[in-house]
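Hi,

Here is the model I promised to pass on, with my notes below it. Have a look at it first, then read on.

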Amino acid sequence: MYGPHKTTILLSLVTAVSMATFFLYYLAPIARQIGLVDNPSDRKRHKDPVPLVGGISIAISLFLALPLMPFGLGTYRYLFMGLGILVI
């Protein structure tokens, strides 16, 4: 039913989601301490400051989970290089 590639892709997906959750959980308090938050105002719905680490967490977990993929990512190297520059 499941081939070796589907299992490997599923493993890399679960790994990426797990790492993103881990990074969100541990980076949110650090973001609050250093002031990397979105403060509420009249135009926003949230009442408390919201940490701005979601994109950082997802990008880090994506880059760490990519080597687990069962196929070559050489054709996407320029895309990943651009994403790396944006993250920095």
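Going from the N terminus, the elements of the protein run α-β-β-α-α. That is 3 helices and 2 strands, where helices (H or I, at least four residues) and strands (E, at least two) are DSSP runs numbered from the N terminus.

Some housekeeping before the details. This is a predicted model, so local features need pLDDT of at least 70 and side-chain atom pairs count only at pLDDT 80 or more, while totals for chains, interfaces and linings use all residues. Residues are numbered from 1 along each chain as its sequence is written, and side-chain values use heavy atoms, with hydrogens and water left out.

Overall shape

The radius of gyration of the protein is 17 Å, whereas a compact globule of 88 residues would be near 12 Å. That radius is taken over C-alpha atoms, and the globule rule is 2.2 Å times the number of residues to the power 0.38. Along the principal axes, the C-alpha atoms fill a box of roughly 50 × 30 × 25 Å.

Buried residues are 19% of the 88; buried means under 20% relative accessible area, exposed means over 50%, and partly exposed is in between (1.4 Å probe, protein chains only). The accessible surface comes to about 7000 Å², and 69% of that belongs to carbon and sulfur atoms. Areas are from the Shrake-Rupley method with a 1.4 Å probe, and for residues only the protein chains shown count as cover. Of the contacts with a separation of 6 or more, 48% are between residues 24 or more positions apart, a contact being heavy atoms within 4.5 Å.

Helix 1 and helix 2

Helix 1 covers residues 4-34 and helix 2 covers residues 54-65. Helix 2 has 12 residues and reaches 16 Å from its first C-alpha to its last, close to the 16 Å expected at 1.5 Å a residue. The expected span is 1.5 Å times one less than the number of residues.

Which residues of helix 2 are buried? They are Ser-57, Ala-59, Ser-61 and Ala-65. Ser-61 has a relative accessible area of 3%, so it is buried. Leaving out residues up to four places away in sequence, Ser-61 touches Ala-16, Met-19, Ala-20 and Phe-23.

Over in helix 1, there is another serine to look at, Ser-12. Ser-12 counts as buried because its relative accessibility is 4%. With residues up to four places away again not counted, Ser-12 touches Ala-65, Leu-68 and Met-69. Ala-65 is one of the buried residues of helix 2.

Val-14 is also found in helix 1, but at 47% relative accessible area Val-14 is partly exposed.

The nonpolar patch

What makes up the nonpolar surface patch of about 440 Å²? Ile-30, Ile-34, Leu-36, Leu-52 and Ile-56 do. Patches are made of residues with over 30% relative accessible area and no salt bridge; like charges are joined within 9 Å, and nonpolar side chains (Val, Leu, Ile, Met, Phe, Trp, Tyr) within 5 Å.

Ile-30 lies in helix 1 and is partly exposed, with a relative accessible area of 43%. Ile-56 lies in helix 2 and, at 37% relative accessibility, also counts as partly exposed. The C-alpha atoms of Ile-30 and Ser-57, 27 residues apart along the chain, are separated by 13 Å.

Strand 1 takes in residues 37-38, and Val-37 is in it. Val-37 counts as buried because its relative accessibility is 18%. Neighbours within four places aside, Val-37 is in contact with Ala-31, Arg-32, Pro-49, Val-50, Pro-51 and Leu-52. Its C-alpha is 5.2 Å from that of Val-50, which is 13 residues away along the chain.

The structure holds 1 salt bridge, meaning a side-chain nitrogen of Lys or Arg within 4 Å of a carboxyl oxygen of Asp or Glu. The side chains of Lys-44 and Asp-38 meet there, at 2.6 Å from N to O. Lys-44 is partly exposed at 30% relative accessibility, and Asp-38 is partly exposed at 24%.

Cheers
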